[in-house]
Amino acid sequence: MPKVAKSDKPAATKKAAGTSKRGASPYNMFMKTELAKVKKEKPDIGHKDAFKLAASNWATAPENPKNAAK
């Protein structure tokens with residue numbers, strides 16, 4: 001019995017040559033450090049609640065580009 005050829009389409013998961021990853025956004029960098037701070041200050045808090053608290057701190061954070069002009 002002859003083998004059936006697989007699809008001739010290239011793999012969709014490969015990126016085009018020469019593309020690079022974008023850097024982390026200011027929000028993502030802030031959340032990484034802020035989430036660690038919140039968890040250190042309140043070790044008994046759950047991850048979901050810690051994330052909410054860290055996200056609410058973003059509104060007044062100096063790292064937030066919207067607060068840069070203030």
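**Close-ups of a helix pair and its ring cluster**

**View 1. Helix 1 and helix 2 lie oblique to each other.** Here oblique is what remains once angles under 35 degrees count as roughly parallel, over 145 as roughly antiparallel and 65 to 115 as roughly perpendicular. This is a predicted model, where local features need pLDDT of at least 70 and side-chain atom pairs count only at pLDDT 80 or more, while totals for chains, interfaces and linings use all residues. Residues are numbered from 1 along each chain as its sequence is written, and side-chain values use heavy atoms, with hydrogens and water left out. Helix 1 covers residues 26-41 and helix 2 covers residues 47-57; their axes come within 9 Å and cross at roughly 125°. The axes are lines fitted to C-alpha atoms over the stretch in contact, with angles from 0 to 180 degrees between N-to-C directions. The crossing of helix 1 past helix 2 is right-handed, meaning the near helix is turned clockwise from the far one by less than a right angle. These are 2 helices in a protein chain with 0 strands, taken as DSSP runs (H or I, at least four residues, for helices; E, at least two, for strands) and numbered from the N terminus.

**View 2. Who touches whom where the two helices meet.** On the helix 1 side you'll find Tyr 27, Phe 30, Met 31, Glu 34, Leu 35, Val 38 and Lys 39. Facing them from helix 2 are His 47, Ala 50, Phe 51, Leu 53, Ala 54, Ala 55 and Asn 57. Sorted by class, this contact has 10 nonpolar, 2 polar and 2 charged residues. (Nonpolar is Ala, Val, Leu, Ile, Met, Phe, Trp, Tyr, Cys and Pro; charged is Asp, Glu, Lys and Arg; the others, Gly among them, are polar.) Contact means heavy atoms within 4.5 Å.

**View 3. A ring cluster built from Tyr 27, Phe 30 and Trp 58.** The count comes to 2 aromatic pairs, with rings of Phe, Tyr and Trp (its six-membered ring) pairing if their centres lie within 6.5 Å; planes under 30 degrees apart are stacked, over 60 edge-to-face, and the rest tilted. Tyr 27 and Trp 58 have ring centres 5.4 Å apart and planes at 80°, so they make an edge-to-face pair. Since Tyr 27 belongs to helix 1 and Trp 58 to the segment after helix 2, the pair ties together parts 31 residues apart in sequence. Tyr 27 is partly exposed at 29% relative accessible area, whereas Trp 58 is buried at 14%. (Buried is under 20% relative accessible area, exposed over 50%, partly exposed in between, with a 1.4 Å probe and protein chains only.) Phe 30 also pairs with Trp 58, this time tilted, at 5.1 Å centre to centre and 50° between the planes. That pair links Phe 30 in helix 1 to Trp 58 in the segment after helix 2, 28 residues apart. Phe 30 and Trp 58 are both buried.

**View 4. Zooming in on Tyr 27 in helix 1.** Skip its neighbours within four places in sequence, and Tyr 27 is in contact with Phe 51, Ala 55 and Trp 58. Pro 65 is 38 residues from Tyr 27 along the chain, with 9.1 Å between the C-alpha atoms.

View 5. Leu 35 counts as buried, at 14% relative accessibility. Beyond its neighbours within four places in sequence, Leu 35 is in contact with His 47, Ala 50, Phe 51 and Ala 54. From Leu 35 to Asn 57 it's 22 residues in sequence and 10.0 Å in space, C-alpha to C-alpha. Thr 33 is partly exposed, with 44% relative accessible area. Thr 33 and Ala 54 sit 21 residues apart in sequence, and their C-alpha atoms are 9.2 Å apart.

**View 6. Stepping back to the protein chain of 70 residues.** Buried residues make up 16% of the chain. Among contacts with a separation of 6 or more, 36% come from residues 24 or more positions apart.
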